[in-house]
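Please keep the sequence and the structure side by side as you read.

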Amino acid sequence: MNFPRNFRAVTGLKLELFASFAGTGWAGMVQVLCIPAFIKLMGIESYGLVGFYLVLQAMLQILDLGLSPTMNREMARYSVQPDKRGEARDLVRTLEIGYWLIGLLIGAGILVISPWLAAHWIKPGAMPVRRVAQAIILMGGLALFQWPVSFYQGGLMGLRQQVVLNALKIIAATLSNVGAVLILWWVSPTIKAFLLWQVGISIGLVLALARSLWRSLPPSETPARINLNLVRNVRTFAAGMTGIAITSLILTQADRVFVSKVFNLKIFGYYSLAWSVAACPLILSGCVFSVLFPRMSALVATGDRNAISQAYHRGSQLMAVLILPVSSVLASFSFEVLRLWTRNSETAANTSEILTVLMIGSALNALLYLPYMLQLAYGWTKLPFAAGVISISLIVPLIFPLTKHFGPVGAASIWAIVNVLNLLIAVPIMHRRLLSHDVWGYFSDIGRPLLCTTAITTIARFAFTKPESSLSTVAVLAGVWALSLLSAVIAAPQVRTALREHLSKLIPSYA
């Protein structure tokens with residue numbers, strides 16, 4: 001088979017983006033397809049425990065101490081400084097040991113507090129407290145081996161090893177989700193069996209990631225050693241990232257923690273289900289971020305401001321085209337999507353309003369990834385930290401009254417409010433310092449695709465009637481998404497130009 005010359009020439013950024021979307025897209029798709037099976041086999045209460053573990057895992061990111069993003073940034077900087085190969089290996093060895101020690105403390109800590117969490121925090125409903133306690137103990141083991149994953153992933157992303165990283169993600173996601181369905185079906189339909197399987201997959205993944213990172217590091221004549229001086233060199237950035245992690249944790253998890261405390265596991269199961277769908281735009285934006293951040297860090301290291309500005313606006317428009325069509329469809333047709341996905345009208349009815357509100361917040365948060373990436377590339381952590389502190393002081397006090405009057409939907413609205421404030425206040429402040437000549441350029445990048453996609457999905461929502469079959473619903477949703485995507489591409493000039501140029505090169509090659 002003779003491939004076209006353009007296909008053989010796909011390297012660099014295009015290959016990295018393809019690998020990132022392939023790995024993350026596959027992982028997300030497999031998870032989405034398997035969640036209804038998890039709920040059917042284990043029950044919504046057991047899935048609520050899965051949601052509780054995700055909250056617990058997010059809360060533990062405070063202990064990351066900014067090491068994962070630091071690894072990403074420093075490996076990207078070392079990649080353009082070949083004379084510092086030894087330092088790169090020493091930094092990995094030093095941070096790696098510290099990371100595993102923290103993981104051991106996390107696992108032991110969860111083990112110690114598991115009885116208290118089961119008896120006094122979680123409202124198990126019909127599930128025995130003892131079974132809940134056993135599940136939390138297994139969560140401690142799972143946290144131990146999942147903890148270093150982000151560290152090794154950060155190093156591989158900084159070294160631009162997207163193909164290797166995403167190949168491992170595809171394998172792990174398939175085994176983790178499809179394997180869990182088979183375990184629940186053939187062995188035992190319990191949360192204990194589910195978590196034991198996840199522990200085994202996590203052990204294999206973290207070992208494979210560690211081996212891949214060390215093989216990807218540039219060779220050095222001296223063996224890697226612990227060098228605390230290198231940690232001191234990055235401590236300012238790491239400390240800033242720790243502060244950002246703390247504020248982000250409160251802002252992203254406050255609603256889930258509150259709902260898990262106030263409502264029973266069944267309600268929290270619905271809330272967790274809504275969040276699993278609302279994470280879609282964050283997954284897509286994470287794909288773009290993982291590829292562009294190392295490149296942006298390298299551009300900042302070279303000081304080419306014109307190239308930085310071009311990459312920033314191109315990335316912002318790409319993010320808008322990827323995020324807004326899917327987000328607007330999921331928000332406008334939340335009930336239809338959930339009913340198709342879960343095959344359960346009751347579950348869809350209890351989850352759809354929550355999903356609509358969460359999706360608005362997630363779409364806005366995803367659009368903020370590019371400004372956030374630019375700040376981190378410059379090492380400017382004070383602004384996102386200050387924005388987080390101010391948001392907490394304004395928003396967290398609203399959780400109780402909003403939840404009291406509007407239930408879980410009120411708690412979900414916190415996520416949307418936080419991101420609206422950051423978009424309107426923090427982004428202009430960032431531009432005045434880093435891209436002073438482009439203060440409103442970013443809002444143009446995302447504003448035009450936003451208006452187009454919102455208009456199309458709003459009209460479709462009012463025109464949509466009750467479908468006769470699931471197939472007709474899929475056809476309507478696919479059609480609305482395709483129109484929204486087309487309008488977003490037309491409204492994003494740099495994406496439109498790049499796509500036209502790419503197609504013009506591909507078409508003659510087949511002639």
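The crossing of helices α13 and α20 is right-handed; a crossing counts as right-handed if the near helix is turned clockwise from the far one by less than a right angle, and as left-handed if anticlockwise. Helix α13 covers residues 305–332 and α20 covers residues 441–463, and the two pack at an angle of about 20 degrees with their axes 9 Å apart. Axes here are lines fitted to C-alpha atoms, for helices over the stretch in contact, with angles running from 0 to 180 degrees between N-to-C directions. Helices themselves are DSSP runs of H or I with at least four residues, strands are runs of E with at least two, and both are numbered from the N terminus.

Which residues of α13 and α20 make the contact? From α13 they include Tyr312, His313, Gln317 and Leu324, and from α20 they include Tyr442, Asp445, Pro449 and Arg461, where contact means heavy atoms within 4.5 Å. By class, nine of the residues in this contact are nonpolar, eight polar and two charged. In this scheme Ala, Val, Leu, Ile, Met, Phe, Trp, Tyr, Cys and Pro are nonpolar, Asp, Glu, Lys and Arg are charged, and the others, Gly among them, are polar.

Before going further, a word on what you are looking at. This is a predicted model, in which local features need pLDDT of at least 70 and side-chain atom pairs count only at pLDDT 80 or more, while totals for chains, interfaces and linings use all residues. Residues are numbered from 1 along each chain as its sequence is written, and side-chain values use heavy atoms, leaving out hydrogens and water.

Now find Ala492, in the loop between α21 (470–491) and α22 (493–509). Beyond its neighbours within four places in sequence, Ala492 touches Gln317, Val321 and Pro449. Two of these partners, Gln317 and Pro449, also belong to the contact of α13 with α20. Ala492 counts as buried because its relative accessible area is 0%; buried means under 20%, exposed over 50% and partly exposed in between, with a 1.4 Å probe and protein chains only. Ser444 lies 48 residues from Ala492 in sequence, yet their C-alpha atoms are 8.9 Å apart.

Another helix pair is α11 (residues 265–278) and α12 (residues 280–302), whose axes come within 5 Å and cross at roughly 35 degrees. Trp275, Val277 and Ala278 of α11 meet Cys280, Pro281 and Leu282 of α12. This contact has six nonpolar residues, with no polar and no charged ones.

Leaving out residues up to four places away in sequence, Ser202 is in contact with Leu142, Phe145 and Gln146.

For a contrast, look at Arg343, in the loop between α14 (334–342) and α15 (345–367). Because its relative accessibility is 64%, Arg343 counts as exposed. Its phi is positive, about 60 degrees, although Arg343 is not a glycine. Most residues other than glycine have a negative phi. In α14 itself, the buried residues include Val337, Leu338 and Trp341.

Finally, step back to the whole protein, which has 22 helices and zero strands. Of its 511 residues, 51% are buried.
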